[in-house]
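Please read it with the structure in view.

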Amino acid sequence: MTTTRLLRKATVLLAGLALAALAGCGTAGKGPAEGVGTKGPAKPVKAVPAVPPGLPGMPPLLDPNDVYAADRPGRLSPVVKDFPSRVYVPNTTSNTVSVIDPETYKVIDTIPVGVQPQHVVPSWDMKTLWVNNNRGHTLTPINPATGEAGKPVEVHDPYNLYFTPNGKYAIVMASMDKELVFRDPHTMERVKTVPVTCYGVNHADFSADGRYFIVSCEFSGELLKVDTEKMEVIGQQKLPFEGAMPQDVKVSPDGKTFYVADMMAHGMWVLGGDAFETPKLLPTGKGCHGLYVSRDSKEMYISNRGEGTVSVFDFPKNKLTKKWTLPNGGSPDMGGVSADGKVLWLSGRYNSEVYAIDTATGKQLARVPVGGGPHGLAVYPQPGRYSLGHTGIFR
C-alpha cells in the first residue's frame with residue numbers, strides 16, 4: 001500500500017471517530033454519554049413527567065386508582081366525627097329544611113330558610129352546611145354540630161354549589177343568570193364571574209387531578225368543560241339527543257369516565273373527560289336523575305325519578321346489574337349514602353317524602369313525610385377528607 005493511500009485511510013478513520021464523538025454528545029442514548037473536555041459521565045437529562053401534576057394545593061388522592069378511597073364506611077374526619085347523624089332535606093315549595101334522625105326515621109326539626117331552597121351542600125372544610133336558596137338569592141349556613149341556622153349570606157341565583165378540590169374557591173351554579181361564579185369559600189365574596197352560553201348550569205364533578213370539571217346545562221342539553229385553575233370554559237358540546245336534559249354528573253372511581261344523568265333521554269351519558277368526545281347513552285330508566293357511588297367504590301346508584309326506581313351500575317363489570325322498584329311508586333331524586341354505606345337516602349320530589357333504601361337488598365326501609373318539593377338532601381356527616389359540594393361529593 002502506498003504512503004498516499006495510507007494517509008487517506010487514516011484521515012477517513014479519524015473523521016469517522018470525530019463524527020461519532022459529536023453524535024454521542026448530542027443524544028441521550030441508552031447509557032450516560034461522555035462529556036467533552038470532562039472526566040466521567042455527563043449529568044443525566046431530567047425526564048418529563050407523562051402526566052401533569054394535580055391542581056396546586058389539592059390534597060393528593062389516597063389511591064391513584066380510586067378517587068373515592070377516602071370514603072370508606074365510617075372513616076369520618078376528626079372535623080365531623082362528633083356531629084350528630086342527620087338527613088337535611090331542602091323543601092323547595094315550603095322554604096324549609098326538614099331534619100331527619102336516621103335512627104328513628106322521624107323529622108326532629110324544621111328550619112325556616114330562604115325562598116326555593118334547592119340543595120344542602122357541605123363546605124370544603126366540612127364545617128358548614130350551605131342551603132342554596134335559589135330564588136331568595138341567599139345561602140343559609142347550618143352548623144352541623146348543633147343543627148342551628150346562621151345569618152343568610154347574599155348570593156345571587158345559587159341553584160347549586162361546588163368547591164374546587166384545593167379549597168380555594170366556591171363555585172356557584174347560577175342557573176338563570178347563565179354564570180359560573182367563583183367565590184371565596186368562607187365569605188362567599190365574588191372573585192370571578194364566568195358567563196356561559198348554555199342554559200341552566202346545574203351539576204358538576206371534577207377530574208381525578210382536579211384540573212378541570214364537567215358541567216351539565218339542563219335547559220339547553222349541553223355539557224361544559226372548565227379549567228379549574230384558569231377559571232375558563234375550555235370545551236362545550238351539545239348532547240346528541242333531541243330534548244336532552246342533563247342532570248347529575250359523577251366521575252368513575254378510576255377518574256377516566258364521566259357519567260351524566262339525563263331525565264329526558266332516560267339514561268346516563270358516558271364520556272371520557274380528558275378527550276371530551278361525543279358521549280354514548282346508557283339507558284337506565286324514565287327520568288334518570290341522581291348518581292351516587294357506593295362506599296366500596298364498586299357500584300353507583302341511579303335514581304330514575306319518572307318511574308320510581310333505582311338502577312345499580314357495576315363499575316368493574318361496566319354494566320347495569322340491578323333495578324330496585326319503590327313499592328307504591330314515588331319520585332326518587334337527589335340524596336346520598338349513609339356513613340356506613342348501608343342506606344341510600346333519596347328525596348321524593350313530587351311526593352313530599354324521603355325514601356330510605358337498603359343498599360344490600362334494594363328494600364325500602366322507610367318513607368318519611370317532609371315539606372313540599374323536597375330536592376337535594378344531604379346525609380351528614382359522611383366519610384372523606386374534604387367536600388367538593390353538591391349534596392356531598394367527598395374525597
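The points below take up the basis of the values, some salt bridges and a surface patch.

1. This is a predicted model, in which local features need pLDDT of at least 70, side-chain atom pairs count only at pLDDT 80 or more, and totals for chains, interfaces and linings use all residues. Residues are numbered from 1 along each chain as its sequence is written, and side-chain values use heavy atoms, with hydrogens and water left out.

2. There are 12 salt bridges, where the term stands for a side-chain nitrogen of Lys or Arg within 4 Å of a carboxyl oxygen of Asp or Glu. Among them is the pair of Asp-333 and Arg-305, at 2.6 Å from N to O; this pair links distant parts of the chain, with Asp-333 in strand E25 (residues 332-337) and Arg-305 in the loop between strand E22 (299-304) and strand E23 (309-314), 28 residues apart. Strands here are DSSP runs of at least two residues, numbered from the N terminus.

3. Asp-333 also forms a salt bridge with Arg-349, with the closest N and O atoms 3.5 Å apart, and shared partners join Arg-305, Asp-333 and Arg-349 into one network. Asp-333 is buried at 0% relative accessible area, as is Arg-349 at 18% (buried means under 20%, exposed over 50%, partly exposed in between, with a 1.4 Å probe and protein chains only).

4. Met-176, Tyr-199 and Phe-219 make a nonpolar surface patch of about 360 Å², built from residues with over 30% relative accessible area and no salt bridge, nonpolar side chains being joined within 5 Å and like charges within 9 Å. Tyr-199 is partly exposed at 45%.

Methods:
Accessible areas come from the Shrake-Rupley method with a 1.4 Å probe; for residues, only the protein chains shown count as cover. Helices (H or I, at least four residues) and strands (E, at least two) are DSSP runs, numbered from the N terminus.
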